[in-house]
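Dear colleague,

I am handing over the structure below, and after it I set out what was found. Please keep it open while you read, so that you can follow each part by eye.

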Amino acid sequence: MHTRTLIFHVAGMHCNACVLLTESEAKELPFISRARSDLSSHTIEVEGDFADRTPEAIAGALTELLSPHGYSVSTERGELPTRWSEFWLAAPIALTFIAAFIFLQKLGIVNFVNGENVSFKTAFVIGIVASLSSCMAVVGGLLLSMSATFAKEGDKVKPQLLFHAGRLLSFFVLGGVIGAVGSSFALDATATFVLGLLVALVMLILGINLLDIFHWTKRLQPSMPKSLSRHAYKVSKWNHAFTPFLVGTATFFLPCGFTQSMQIYTLSTGSFLSG
C-alpha cells in the first residue's frame with residue numbers, strides 16, 4: 001500500500017458548510033482515507049492509496065461526486081471570479097425591500113422589529129430566508145443523501161417525518177437551554193445592544209459571503225467548532241431506523257450563519273420558552 005497526498009482546487013465553496021460537505025463527501029471514495037478542505041484557498045487536500053490513478057482522474061472522480069452539490073474539482077487553480085454583477089443586482093433589491101419595510105412600518109402595517117427584541121415574525125422570516133440559501137447547502141444535501149438511502153428500501157415518508165421531528169425538537173430544547181443560560185447573566189441595555197450588533201454583523205458577513213464578492217470576508221464568519229460539526233455530520237452515516245431523527249437533532253450544531261446569529265440573540269432572552 002502506497003499512500004500519497006494530493007491537493008486539488010475546488011470551485012463553488014463559499015462558507016464553512018461547504019468545507020464540511022466537501023470533506024465528508026470526498027471520504028466516500030474508497031481510495032481516499034483522509035480529506036481536509038480549506039475555505040481561504042478553495043482547496044481540498046486528500047490522502048489515500050490512489051494506485052495508478054492520475055491526479056486528473058482523481059479530480060474527475062471528486063467532481064462527479066461533488067457536482068450534485070454545486071462544486072467542481074481541478075488540478076489547476078482557477079481564477080476566483082468577483083461576482084460584481086450579482087452585487088449590482090442584489091443591492092437595489094435590498095434597498096427596495098428596506099424602503100418598503102420602513103414605509104410599511106411608518107404606516108403601522110408591519111412591526112417585525114423594535115428596539116428591544118426580535119419578534120417571532122422576524123425569526124420566522126429569517127428561517128424562511130435561511131432555508132432557501134445556506135441551509136440548502138449542508139442540511140439539504142444531508143436530507144437528500146439520507147432519503148435516497150432509505151428510499152432504496154421502500155421507505156420514503158418515515159425518514160422525512162423523523163428528520164423534521166428531530167430538527168424541531170432539538171431547536172426547541174437546545175434553543176431553550178441557551179435562553180435559560182442567558183438568564184444567569186444580568187444583561188443591561190449596553191450588553192443587549194452589543195449582542196444585537198453582533199447578530200447584525202454575523203448576518204451581514206453571511207450575506208456578503210453568499211454573494212461571493214469579497215473572498216477575505218469568509219474568514220470572518222463564525223462557526224461551530226469544526227470537530228463538533230464533523231461529528232454531527234457523521235451521524236447521517238449510521239444505518240439505523242432512527243438515524244433520520246438523530247440527523248435532524250444534529251443539525252443544530254452544523255455551520256449556518258443564520259442559526260448562529262439566532263443562537264447568539266437567544267442568550268439575551270433569558271427565558272427557556274422565548275429561546
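This is a predicted model: local features need pLDDT of at least 70, side-chain atom pairs count only at pLDDT 80 or more; totals for chains, interfaces and linings use all residues.

Helix α1, which covers residues 16-26, packs with helix α2, residues 55-66, at an angle of about 120°, and their axes are 10 Å apart. The crossing in which α1 passes α2 is right-handed. On the α1 side the residues that take part are Thr22, Glu25 and Ala26, and they meet Leu62, Leu65 and Leu66 of α2. Sorted by class, this contact between α1 and α2 consists of four nonpolar residues, one polar residue and one charged residue.

Next comes the sheet. Four strands form an open sheet in the order β2-β3-β1-β4, and their pairing is antiparallel. Which strands stand at the edges? They are β2 (34-38) and β4 (72-74), and because each has a single partner strand, one side of each is left without a neighbour in the sheet. From one strand to the next, the twist averages 30°.

Helix α1 lies across β1 (4-11), β2 and β3, and runs at about 160° to β2, while helix α2 lies across β1 and β4, and runs at about 175° to β4.

Note on methods: Residues are numbered from 1 along each chain as its sequence is written. Side-chain values use heavy atoms; hydrogens and water are left out. Axes are lines fitted to C-alpha atoms, for helices over the stretch in contact, and angles run from 0 to 180 degrees between N-to-C directions. Helices (H or I, at least four residues) and strands (E, at least two) are DSSP runs, numbered from the N terminus. A crossing is left-handed if the near helix is turned anticlockwise from the far one by less than a right angle, and right-handed if clockwise. Contact means heavy atoms within 4.5 Å. Ala, Val, Leu, Ile, Met, Phe, Trp, Tyr, Cys and Pro count as nonpolar, Asp, Glu, Lys and Arg as charged, and the others, Gly among them, as polar. Two strands pair if DSSP finds at least two bridges between them.
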